[in-house]
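Subject: Handover of a structure and notes on it

Dear colleague,

Please find the structure below, followed by an account of what was found in it. I would be grateful if you would read the notes with the structure open beside them.

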Amino acid sequence: MTTLRIGLVGKPNVGKSTFFSAATLAQVDIANYPFCTIDPNIGVAFVEARLACPCKELRAKLEHEGRLEPTSPDDPRQGSLCQPRTGSCVAHRRFVPVAMVDVAGLVPGASEGRGRGNAFLSDLANSDVLIQVVDAAGTTDLEGQFLGNASSKEDALASMKDEIAFLEDELDAWIAGILHDGWVRGVRRVQAEGEKGLVSFIQERLSGLGATHQLVQQSMLQFNQEQQPEGQPWDWDINILNTLASTLRRGLFPVAYAANKWDIAPSGVIDELSLYSIEPCMADVELALRRAANADIISYHPGESTFSINDAAKLNEAQTKALTHMLERIKSANGTGVARLLDRVLFDMLERIVVYPVQDETHWVDGEGKVLPDAFVVASGIQAKALAYHVHSDLGDGFIRGVDGKTRRVVGADHELADGDVLKIHAKS
Ligand SMILES: Nc1nc2c(ncn2[C@@H]2O[C@H](COP(=O)(O)OP(=O)(O)O)[C@@H](O)[C@H]2O)c(=O)[nH]1
Ligand SMILES: [Mg+2]
């Protein structure tokens, strides 16, 4: 089962490492100067499934049959019955893992190997989706140097636009560079095969970036319509290849945007953002709250717009003040934005669903009796047999039929799964 990978990218000092630490709760170097993150940091972020964990339905059934007492008020799991192998579930709120990479090194010329160069590029190539962290406060220049004073709304918006264009340009230059290398000879070689040969040639070239035949084909269609490039492909110069790269880039690297430092952004900036698909975030507030929750100082659930202090008597004045301040912030902003952004990336942008393969369709357990141990993040509309392959290639190869755990209906290989489905897979062993 391959885990989806999100790459966090952006110019220095926008808050990537803070966002990464908050989302993964791992300790990474967080400092107020450029290039403090030298090595890529890979961690696991847990994203809440949109639907309640099926252990809610299971509990209701067991209680109804008189085989289980209702949840006691002091149950730390608040009723959850499942035993997640990875992730967690409390009050039937199930959290699923996604890999996250803190991709430092977006500097001018990164596409040509400047800065972290190839390490930066391979981090990008291995990401399924990028989150570009941009500075909503406009407090830093493109190299991440602090400009000092807070900027105006117009300046902040303009600088965010620059940041977005900066990443796009670097990605385009990188892709164009890969295409340009040996282009004339390569394209002449496939000329007899026409458009089909060209698509295969480009796909091979960009396979390291995750290019599929279908994606290249669609991009070429779009490119030919929009650009109507003149001359034979082997006559295309670097400018035309750059435009082609730009079209390919949109398919190869979907980008979501985190407008970070919302807390110190000039007023009005966030209202303008709704025009773009940008999510306002306060990564450092999220990090502070998660740390406080880990230390049992507060009760806070990522994504929520409130928290409660566990024992006010234990806090000093400064702590109380800081927490009160953060509470006001997340109340007025409806949360820190970190969980909301991850939710949107996973479930809206990438259209993933969460499904629960089990070995026993009645009790929803695996071979060891663990209840709903696996929650898989898969493409929406995935078919039963494809899910079987996600579990194990043997299960895919030997697929006979599935049984829907909720309806108990037998389903075939091409049965499409819906979000929250529980599925038993029968296979030849
Ligand atoms: N005001 C504010 N500062 C933040 C926020 N997120 C991060 N920072 C600060 O921005 C600076 C750079 O953060 P860092 O995560 O190291 O940036 P990176 O270079 O992109 O990895 C640090 O001083 C952080 O504390 C935020 O949401 N609001
Ligand atoms: Mg960093």
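In these notes, helices (H or I, at least four residues) and strands (E, at least two) are DSSP runs, numbered from the N terminus. With that numbering, H92 lies in the loop between β3 (88–90) and β4 (93–102). Please note that the model is a predicted one.

**Residues with a positive phi**

H92 is not a glycine, yet its phi is positive, near 65°. Most residues other than glycine have a negative phi. Is H92 buried or exposed? H92 counts as buried because 21 C-beta neighbours lie inside 10 Å, and the cut-off for that class is 20 or more.

W364 is likewise a residue other than glycine with a positive phi, in this case near 55°. W364 is found in the loop between β10 (352–358) and β11 (376–379). The count for W364 is 24 C-beta neighbours inside 10 Å, and W364 is therefore classed as buried.

Two further positive values come directly after helices. Q228, which follows α7, has a positive phi near 40°. N334, which follows α11, has a positive phi near 60°.

Helix α7 covers residues 213–227, which makes 15 residues. From the first C-alpha of α7 to its last is 21 Å, close to the 21 Å expected at 1.5 Å a residue. Helix α11 covers residues 317–333 and has 17 residues. Its reach from first C-alpha to last is 24 Å, close to the 24 Å expected at 1.5 Å a residue.

**How helices pack**

Helix α6 (residues 194–205) packs against α7 at an angle of about 120°, and their axes are 9 Å apart. Angles of 65 to 115 degrees count as roughly perpendicular and those over 145 as roughly antiparallel, so α6 and α7 are oblique to each other. Their crossing is right-handed. On the α6 side the contact is made by V199, I202 and Q203, and on the α7 side by H213, V216, Q217 and M220. By class, the residues of this contact of α6 with α7 are four nonpolar, three polar and no charged.

Next are helix α10 (residues 283–294) and α11, whose axes come within 11 Å and cross at roughly 125°. α10 and α11 are therefore oblique to each other. The crossing of α10 and α11 is left-handed. Which residues meet here? From α10 they are V285, A288 and L289, and from α11 they are M326, R329 and I330. The contact of α10 with α11 has five nonpolar residues, no polar ones and one charged.

The remaining pair is helix α4 (residues 153–180) with helix α8 (residues 238–252), which pack at an angle of about 115° with their axes 8 Å apart. The crossing in which α4 passes α8 is right-handed. Among the residues that α4 brings to the contact are L171, I175 and L179, and those of α8 include L241, L244 and L248. Charged residues also take part, including E168 and D172 of α4 and R249 of α8. By class, the contact of α4 with α8 has nine nonpolar, three polar and three charged residues.

N260 lies in strand β6 (residues 255–260). With 29 C-beta neighbours inside 10 Å, N260 therefore counts as buried. What does N260 contact, once its neighbours within four places in sequence are left aside? The contacts of N260 are V14, G15, F19, V133, V134, D135, A136, C281 and A283. N260 and V14 are 246 residues apart along the chain, while their C-alpha atoms are separated by 6.9 Å.

A388 belongs to helix α13 (residues 384–391). A388 counts as buried because it has 24 C-beta neighbours inside 10 Å. Leaving aside neighbours within four places in sequence, A388 is in contact with L395, G396, F399, I425 and A427. A388 and R401 are 13 residues apart in sequence, and their C-alpha atoms are 9.9 Å apart in space.

With kind regards

Definitions and conventions:
Residues numbered from 1 in each chain as written. Chains lettered and ligands numbered in written order. Predicted model: local features only at pLDDT ≥ 70, side-chain atom pairs only at ≥ 80, totals over all residues. Expected span 1.5 Å × (residues − 1). Axes fitted to C-alpha atoms, helices over the stretch in contact; angles between N-to-C directions. Parallel < 35°, antiparallel > 145°, perpendicular 65-115°, else oblique. Left-handed = near helix turned anticlockwise from the far one by under 90°. Contact = placed C-beta atoms within 7 Å. Buried ≥ 20, exposed ≤ 12 C-beta atoms within 10 Å, placed from the backbone.
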